[in-house]
Amino acid sequence: MMTATFLAFGSFWLAQLMENDPGISADALKNEPDYIVERFSVVRMSPTGQPRYIVSGDKLTHRPVDDTADVENPLVQSMGKGVAPTTVRAKRARIDNDNTQVHLMGDVDITRKATATTKPMRMRTQALTVYPDDDQMKTDQPVEVVSGGATMTGTGLFVDNTTRKVNVSSRVRIVYPPRQ
């Protein structure tokens with residue numbers, strides 16, 4: 001009985017201490033992760049039941065307050081029917097806005113495989129926002145695009161993978177290889 005009394009008093013004292021300590025607030029504790037998943041993979045399906053894209057990574061940390069997820073070493077693979085498969089890698093990412101935006105940060109590398117009508121393409125930048133449901137990506141950072149033998153550099157990028165349009169906003173420089 002004595003032990004239960006001391007435990008109850010100790011719990012009450014600890015709760016009072018946390019309530020009065022300005023360094024520890026209930027709001028700070030609310031943003032603690034509610035789940036962490038290591039080596040995960042999420043497949044989004046199209047309305048016809050075909051895989052549309054895959055988001056995977058080494059570690060996903062979900063925060064309930066703003067419903068965001070932080071990802072270490074993310075990999076986004078687009079698998080739309082009739083378009084070239086595109087793979088996006090980075091050091092980290094944040095997924096938000098009801099899982100409709102993936103903000104990639106740190107050594108972002110985008111690779112699109114060749115098809116019968118297009119050459120392979122590789123893009124590099126430091127930050128990129130991917131809209132996987134719309135199959136679009138954009139950045140306001142410097143970017144390098146290599147396709148065929150041509151190299152394009154500039155600042156700001158918008159890619160619509162379904163229409164195969166690439167728009168570089170400013171400071172564009174294009175180097176074409178000599179004709180064969």
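Accessible areas come from the Shrake-Rupley method with a 1.4 Å probe; for residues, only the protein chains shown count as cover.

This is a predicted model, in which local features need pLDDT of at least 70 and side-chain atom pairs count only at pLDDT 80 or more, while totals for chains, interfaces and linings use all residues. Residues are numbered from 1 along each chain as its sequence is written, and side-chain values use heavy atoms, with hydrogens and water left out.

Start with the overall layout. The protein chain has two helices and eleven strands. Helices (H or I, at least four residues) and strands (E, at least two) are DSSP runs, numbered from the N terminus. From the N terminus on, the order is α-α-β-β-β-β-β-β-β-β-β-β-β. Of the 180 residues in the protein chain, 32% are buried. Buried means under 20% relative accessible area, exposed means over 50%, and partly exposed is in between (1.4 Å probe, protein chains only). Contact means heavy atoms within 4.5 Å. Among contacts in the protein chain between residues at least 6 apart in sequence, 34% join residues at least 24 apart.

Now go inside. In soluble globular proteins, nonpolar side chains tend to be buried together. Here the largest nonpolar core has 26 residues. Such a core is a set of buried Ala, Val, Leu, Ile, Met, Phe, Trp, Tyr and Cys residues joined through side-chain atoms within 4.5 Å. V88, L104, M123, L128 and M137 have the most contacts inside this core. At least two residues of this core come from each of β2 (51-63), β3 (68-72), β6 (92-96), β7 (101-112), β8 (121-131), β9 (136-147) and β10 (150-160). Take M137 as an example. Leaving aside neighbours within four places in sequence, M137 is in contact with T86, V88, I110, M123, L128, T129, V130, L157, F158 and V159.

One of those partners is T129. T129 is found in strand β8. With a relative accessible area of 14%, T129 is buried. Its contacts, apart from neighbours within four places in sequence, are Q101, V102, H103, Q136, M137 and K138. The side chain of T129 also makes a polar contact with the side chain of H103, at 3.1 Å. A polar contact is a pair of N or O atoms within 3.5 Å; within protein, one must be able to donate a hydrogen and the other to accept it, and residues adjacent in sequence count only if both atoms are side-chain atoms.

Charged pairs come next. A salt bridge is a side-chain nitrogen of Lys or Arg within 4 Å of a carboxyl oxygen of Asp or Glu. The count comes to four salt bridges. D70 pairs with R94, and their closest N and O atoms are 2.7 Å apart. This pair links distant parts of the chain, with D70 in strand β3 and R94 in strand β6, 24 residues apart. D70 is partly exposed at 23% relative accessibility. R94 is also partly exposed, at 29%.

D107 and K91 meet in another salt bridge, at 3.1 Å from N to O. D107 is in strand β7 and K91 in the loop between β5 (86-89) and β6, 16 residues apart. D107 is partly exposed at 43%, and K91 is partly exposed at 47%.

R122 forms a salt bridge with D109, with the closest N and O atoms 2.7 Å apart. R122 lies in strand β8 and D109 in strand β7, so the pair ties together parts that are 13 residues apart in sequence. R122 is partly exposed at 34%, whereas D109 is buried at 16%. Salt bridges that share partners also join R63, D70 and R94 into one network.

Two loop residues have a positive phi without being glycine. D67, in the loop between β2 and β3, has phi near 55°. N73, in the loop between β3 and β4 (75-78), has phi near 50°. D67 is partly exposed at 41% relative accessibility, and N73 is partly exposed with a relative accessible area of 41%.

Finish on the surface. V172, I174 and Y176 form a nonpolar patch there, with about 320 Å² of accessible area together. Patches are made of residues with over 30% relative accessible area and no salt bridge: like charges are joined within 9 Å, nonpolar side chains (Val, Leu, Ile, Met, Phe, Trp, Tyr) within 5 Å. I174 is found in strand β11 (residues 165-175) and is partly exposed, at 43%.
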